[in-house]
Amino acid sequence: MLKKIASADDDDEKQPSKLPVVYVSGKNAYEIGVNHGQLLREDIRKCFGVYLERFTVCARHKSGGASCSADGKSWDDAVYEWMRQVATSYIGFVSKHAHILHDVVDELKGIAEGSKMELWKIYVINARGELFGLFFNGYATSNWYPAQPAAAAALEELIDLNECTTVMSKKNSVLSQNWDWLRNMEEHIVLLNVNHEILTMVECGMIGKVGFNKHGLGITINSLHRPPAECLAKDVDTLRINAIPIHLIIRHLLNAYESVQQIRDAGIVSKLPVNRFIGIGILDKHQDGVYVEYCGLNHLDQLPLSDSRLSFHANHFLGCGLSKLITEANASSKGTHFRMKQLEVLYVEELKQKSNKSDIEISKLLLTNNQPNNGFPVFRSWVPSVVKYGEVGTVCSIVMDLKKKVMHITRDKDVNMTDTAQIAVRFDQISLGL
């Protein structure tokens, strides 16, 4: 069913483990979605199941281990209904922007049809970051608990915060990222090749994530840690369904634009509302790029990239008036600060060596560095999640050559079986196939 990368023997432990490459095609967005849904039907169902179980375990944990919600529903039923209501609300809000997002709206409908799943379940997969934010901040769950839910700050530990790291070379059009997430999602991620026009690493059923298009426009994504309340604008309210899920925006940008300048000229970043603490790196083959930070609805910053050096971003704000926020003021960002410092140190060491390594090679070395770093390595091994539901860590490292339209990718076992201080980790190379 899945067309895998044709390269080295998967059973050879010296070779990188391969991600399936799934080719989807169609004359329009709906047909593409149907093809996606048909090819990945079982994995899409399992992907939804992972998130249903994740939310259920966290709801039970938040209750102190109660066998059911305060209103008498089983946790399975309470969480299922909550997810359905929230995802359905997102369907309604996104439809109001269908004049712009008709491409992704139609493709999501196609995925639902092809997978024989309800549309709201496909939206759960594509808006799972937004759902986690609402859930952990108590949106529409007060009737589940006999007492007032704990403050969001006390629940940060339950989320197993992402430790994604982005590296950007504006000078050489190289865009790279580590993606950290749930280990039990590892078997449900693929490289989606859409009509040989877009190559993106996604969870099955998702339409857009880290990737690039045939024009050499690429995008990465980092979850950003919520700043302390006293540092936020007074009108920031993330407990409302009044924005577009970020994964839909990413895919629309890859569908509709050829360059960063086109995106600027259209003003699309400001036109499509985002109500999360999230960042996306956007770079193109023309040596133009920007990092966009969203700090709640109507609050965003577009950060310039270095013209000559690599630019880094982790999980704390560098703009939005929050660049001076120190670790002590936001304890949840401790790991992201350590990783940023480690990247700078490693990069300076590389520059001092004057080894003439390309930015592709340097990006690979930086992102696969798994040295302890005070407990916060750039590339994380699998560790137990706080709520004892599976493990979390770095799923993969991705380095994109936007000029050649080639993705270099390696997975967890390839990095953690290697002494990255001595031996370069091997990456697979996947082209868009133009």
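This is a predicted model: local features need pLDDT of at least 70, side-chain atom pairs count only at pLDDT 80 or more; totals for chains, interfaces and linings use all residues.

Reader: At what angle do the axes of α2 and α4 cross?

Author: Axes are lines fitted to C-alpha atoms, for helices over the stretch in contact, and angles run from 0 to 180 degrees between N-to-C directions. Helices (H or I, at least four residues) and strands (E, at least two) are DSSP runs, numbered from the N terminus. Here helix α2 (residues 41–62) and helix α4 (residues 98–115) cross at roughly 105°, their axes coming within 9 Å. That makes α2 roughly perpendicular to α4; the class spans 65 to 115 degrees, with under 35 roughly parallel, over 145 roughly antiparallel and the rest oblique.

Reader: Which residues make the contact?

Author: Contact means heavy atoms within 4.5 Å. R41, I44 and R45 of α2 meet I111, G114 and S115 of α4.

Reader: How do α2 and α5 pack?

Author: Their axes are 10 Å apart, at an angle of about 65°, where α5 is residues 119–126. That makes α2 roughly perpendicular to α5. On the α2 side are I44, C47 and F48, and on the α5 side W120, K121, I122, V124 and I125.

Reader: What is a nonpolar core?

Author: A nonpolar core is a set of buried Ala, Val, Leu, Ile, Met, Phe, Trp, Tyr and Cys residues joined through side-chain atoms within 4.5 Å. Buried means under 20% relative accessible area, exposed over 50%, and partly exposed in between (1.4 Å probe, protein chains only). In soluble globular proteins, nonpolar side chains tend to be buried together. The largest core in this model has 105 residues, and M83, I280 and I282 touch the most other members. Helix α3 (residues 75–95) gives the largest share, 10 residues. Apart from this core lies another of 12 residues, among them M340, Y347, I362 and L366.

Reader: Is L272 buried or exposed?

Author: L272 is buried, with a relative accessible area of 2%, and lies in the loop between α10 (268–271) and β8 (277–284). Leaving aside neighbours within four places in sequence, L272 is in contact with H97, I100, L101, I249 and H252. L272 and I249 are 23 residues apart in sequence and 7.6 Å apart in space, C-alpha to C-alpha.

Notes:
Residues are numbered from 1 along each chain as its sequence is written. Side-chain values use heavy atoms; hydrogens and water are left out.
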